[in-house]
Amino acid sequence: MKQVFSNPVLVKEIKLRFRSPKSFIGILFYLIAMCIFVFGFILLTTQFSGTGYFRPEESFFMFTMLTYIQLGLILFITPGLTAGAISSEREKQTLNILLTTAQTSFQIIFGKLTSSIAFLLLLLIAGLPIYSMVFLFGGVSPGQLGIIFLYFFLTMLAIGSIGIMYSTIIRKTIVSMIATYGTMIFLSAVTGFIYLVITGMNTMVSGSLSSSPVGHFFASINPVVLVLTLVSPGSDTFITDTTKVDFPIWAGYAIFYICITALAIFISVKKLRVNMKRTK
Amino acid sequence: MIEIKGLTKKYGSFYALNDINLTLQEGTVFGFVGANGAGKSTTFSILATLLQPTSGDAFVNGKSVRTDPSDVRKQIGYMPDFFGVYDQLKANEYLDFYGASYGISEVERKVLIPQLLELVNLSHKRYEYVDLLSRGMKQRLCLARSLIHDPKVLILDEPASGLDPRARVEMRDILKQLKGMGKTILISSHILPELAEMCDEIGVIDGGRLIAHGSVTDIQAQLAGERHITVKAKGLLENVATFFEEDPFVSSVELHTEKNSVTFNYRGTEDDQINLLKKAMDHSIKIISFSETETDLEDVFMEITKGAK
C-alpha cells in the first residue's frame with residue numbers, strides 16, 4: 001500500500017492538479033450546483049406544496065435525482081480527466097523523458113489513472129454532506145448509498161481506464177477525447193436504446209416476450225439502467241420479465257466493467273512503450 | 001561500454017539508419033556529427049529504448065536494448081533534442097520527481113538534488129517554477145535530471161542547440177566536468193569546433209550510414225589526406241609558385257598577392273616536406289614563413305558529407 005501512495009506519477013499529478021486554481025473552482029461550482037438543487041428542492045416542497053414539511057417519499061425522490069446528477073458528473077468529467085493523460089505528455093514532449101526512467105509502464109499508467117480517479121472521488125466526497133441531507137428526512141438507508149457509491153467507483157474506474165487506453169494508443173488528445181466521449185455515450189445511451197429495440201422487436205416477431213440474452217446484456221452494461229435498479233429494485237424485475245433472463249443487473253454490470261477496466265489497463269501498459277523485442 | 005551491431009531502422013523503403021556498427025570504450029566522449037535527418041537522433045532514440053530497430057542490436061554495458069530495455073534505462077541518462085517541462089513544478093521538485101522515478105529514496109534525494117543543482121549552476125533557481133526558467137537553464141536542469149541516478153552513460157542529443165554563446169560555454173564547461181568524472185558520453189551537435197575540443201572520438205553519419213569514425217585527429221588526417229601549406233615570401237610570387245608547382249607532391253597551387261603568400265596542398269611525408277623547405281632555401285627563395293594550415297572539423301565534415309553524397 002505504501003508503494004501505491006509513493007508512486008511518483010501519482011504524487012506529481014496530485015501536486016500539479018492542486019496547484020492549479022481550476023481544480024478548486026471546479027469543486028466550488030459543483031458544490032454550488034448541488035446546494036442550489038438540494039435546498040431549492042426542499043424549499044419548493046416545504047414552502048409551496050402547502051404541507052410545510054418534507055416527507056420520506058420526497059426525500060427518496062431527491063436522493064434519486066442527486067444520484068443521477070452524480071452519475072452524469074462521473075460520465076462527463078471522467079473522460080475529460082483521463083483522455084489526455086498520456087497524449088498530453090506526448091504533446092508537451094515530456095513523455096519520452098518519463099519513458100526512459102526506471103518506472104514500469106504499469107506504474108506510469110496506474111499513477112495517471114489513480115490521480116484522475118482520486119480527484120473525482122474528492123468531488124464525490126466533497127458533495128457527501130449535501131448528499132447526506134436525505135438522511136435527515138428518511139427514506140434512504142446508508143447501505144443503499146454505500147452500494148451506489150461502490151458502483152460509482154467502478155464506473156469511474158472503467159471509464160477512466162478507457163480514457164487512459166485511448167490516450168495511450170492515440171497520439172492527439174482531441175481525438176482521444178472524442179473517442180472516450182463516444183465510448184461513454186455508447187455505454188450510457190446507445191446500449192439502452194439497443195435494449196429497447198431488441199425487446200421491442202422480440203415482442204413484434206414472436207407476439208409475446210421470449211428469451212433475449214443480448215437485450216439483457218445491453219441493459220446490464222448501461223449505467224443509467226443500473227442506477228435505476230439500485231434506487232428502485234422493482235425495475236430489475238421489469239428487465240428480467242422483458243428479456244426472460246434471470247441474472248441480476250448489478251452482477252452483469254460488475255463483471256462487464258471489471259473486465260473492461262482490466263482489458264483497458266492491459267492494453268495501455270502494453271502500448272505505452274515500444275516493444276523492443278519485436279522483429280519485423 | 002557501448003556496442004552497436006548492424007543497427008538498421010527502416011520506415012517503409014527509407015533507411016533512417018543503415019547497418020551502423022560502433023564500439024565505444026568506457027569513459028569515452030563520443031561526438032556524433034551529421035546533417036539534419038542524417039540519423040543521429042534515431043540512433044540515440046534506439047539507445048534510449050524509445051524506438052525499436054528494424055534489425056541489429058545495441059548494447060550498453062553488455063545489456064541489449066532489445067532484450068533488456070529496463071536494465072539499459074537504469075544505466076543511461078538521456079537528454080532529447082526537444083523536451084518539455086511540467087508547468088507549476090519547481091526546479092527541486094522536478095528533480096525530486098525524476099529521482100523518485102528511478103527509485104532513489106527521499107533521504108538520498110534530499111542530499112543529491114542540491115548537489116546536482118550546484119553542478120549545473122542552478123542552486124539559486126531551486127524554488128523557481130521550471131516553465132519560467134530560460135532555455136539555457138532548462139537545458140542545464142534537464143542535464144541535471146539525466147544525472148540524477150548517476151548513470152554510467154549519458155546520451156545527449158543536441159544539448160547546446162538554441163542556446164546563446166554564454167549558455168553554450170556554460171553547457172560545455174559542465175560537460176567537461178562530467179568527462180572528468182569518467183562518464184561515457186555520447187553527444188550530438190552542430191557546433192563542430194565544440195565537439196572537437198571535447199570529444200575523444202567522433203563519428204560522422206550521413207544518410208543513415210556511419211561514414212567515418214575515429215579520433216578527431218585521425219578523422220582529419222584520414223579525410224584530409226593532404227596537408228594545406230601556406231608559404232609567405234618576399235620577391236616575385238610567380239617564381240615562388242612555379243618552384244613549388246614543380247614538386248611532384250604539390251597540387252592546387254594558388255597565389256595570394258595581397259598577402260604575399262602562396263598556398264598549396266602537399267601529400268608527401270613530413271621528411272619530404274622538410275626537404276622541400278630546404279630545396280626552396282637553396283633556390284634563394286626568401287621565405288618569411290612556411291606553415292601548415294589546420295583543417296577544422298567543419299571543413300572535414302563538409303568534405304566527408306560531400307563525398308558521401
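E3(B) counts as partly exposed because its relative accessibility is 23%; here buried means under 20% relative accessible area, exposed over 50% and partly exposed in between, with a 1.4 Å probe and protein chains only. Its salt-bridge partner is K5(B), with the closest N and O atoms 3.8 Å apart. K5(B) is also partly exposed, at 44% relative accessibility. A salt bridge is a side-chain nitrogen of Lys or Arg within 4 Å of a carboxyl oxygen of Asp or Glu.

Before going further, a word on the model: it is predicted, local features need pLDDT of at least 70, side-chain atom pairs count only at pLDDT 80 or more, and totals for chains, interfaces and linings use all residues. Residues are numbered from 1 along each chain as its sequence is written, chains are lettered from A and ligands numbered from 1 in the order in which they are written, and side-chain values use heavy atoms, leaving out hydrogens and water.

**Salt bridges**

Over all chains, the structure holds twelve salt bridges. Some of them are set out here.

| Pair | N to O distance |
|---|---|
| K5(B) and E3(B) | 3.8 Å |
| D96(B) and R109(B) | 2.7 Å |
| K12(A) and E13(A) | 2.8 Å |
| R19(A) and E93(B) | 2.6 Å |

D96(B) and R109(B) form a salt bridge, and the pair links distant parts of the chain, from helix 3 to helix 4 (residues 106-119) of chain B, 13 residues apart. Helices (H or I, at least four residues) and strands (E, at least two) are DSSP runs numbered from the N terminus. D96(B) is partly exposed at 24%, while R109(B) counts as buried at 11%. Shared partners join K12(A), E13(A), E89(A) and K112(A) into one network, and both K12(A) and E13(A) are buried.

**Where the chains meet**

The contact between the chains takes 35 residues from chain B and 27 residues from chain A, with contact meaning heavy atoms within 4.5 Å. Together the two chains bury about 2,800 Å², 60% of it on carbon and sulfur atoms; buried area is the accessible area (1.4 Å probe) that two parts lose on being put together, summed over both. L50(B), Q52(B) and Y86(B) supply 23% of what chain B buries against chain A, more than any other three residues. One salt bridge is found across this interface.

**Cores**

What does the largest nonpolar core contain? It has 144 residues, and those with the most contacts inside it include L47(B), Y94(B) and I187(B). Such a core is a set of buried Ala, Val, Leu, Ile, Met, Phe, Trp, Tyr and Cys residues joined through side-chain atoms within 4.5 Å. The largest share of the 144-residue core, 13 residues, comes from helix 9 (residues 142-169) of chain A. Beyond four places in sequence, L47(B) is in contact with residues including I2(B), V60(B), I76(B) and L186(B). A second, separate core of 15 residues includes I229(B) and Y266(B).

Helix 9 of chain A is also the place of S161(A). S161(A) counts as buried because its relative accessibility is 1%. Residues up to four places away aside, S161(A) touches L113(A), T261(A), A264(A), I265(A) and S268(A).

**Chain A as a whole**

Chain A has 14 helices and zero strands, and buried residues make up 49% of its 280 residues. Its C-alpha atoms fill a box of roughly 65 × 50 × 35 Å along the principal axes.
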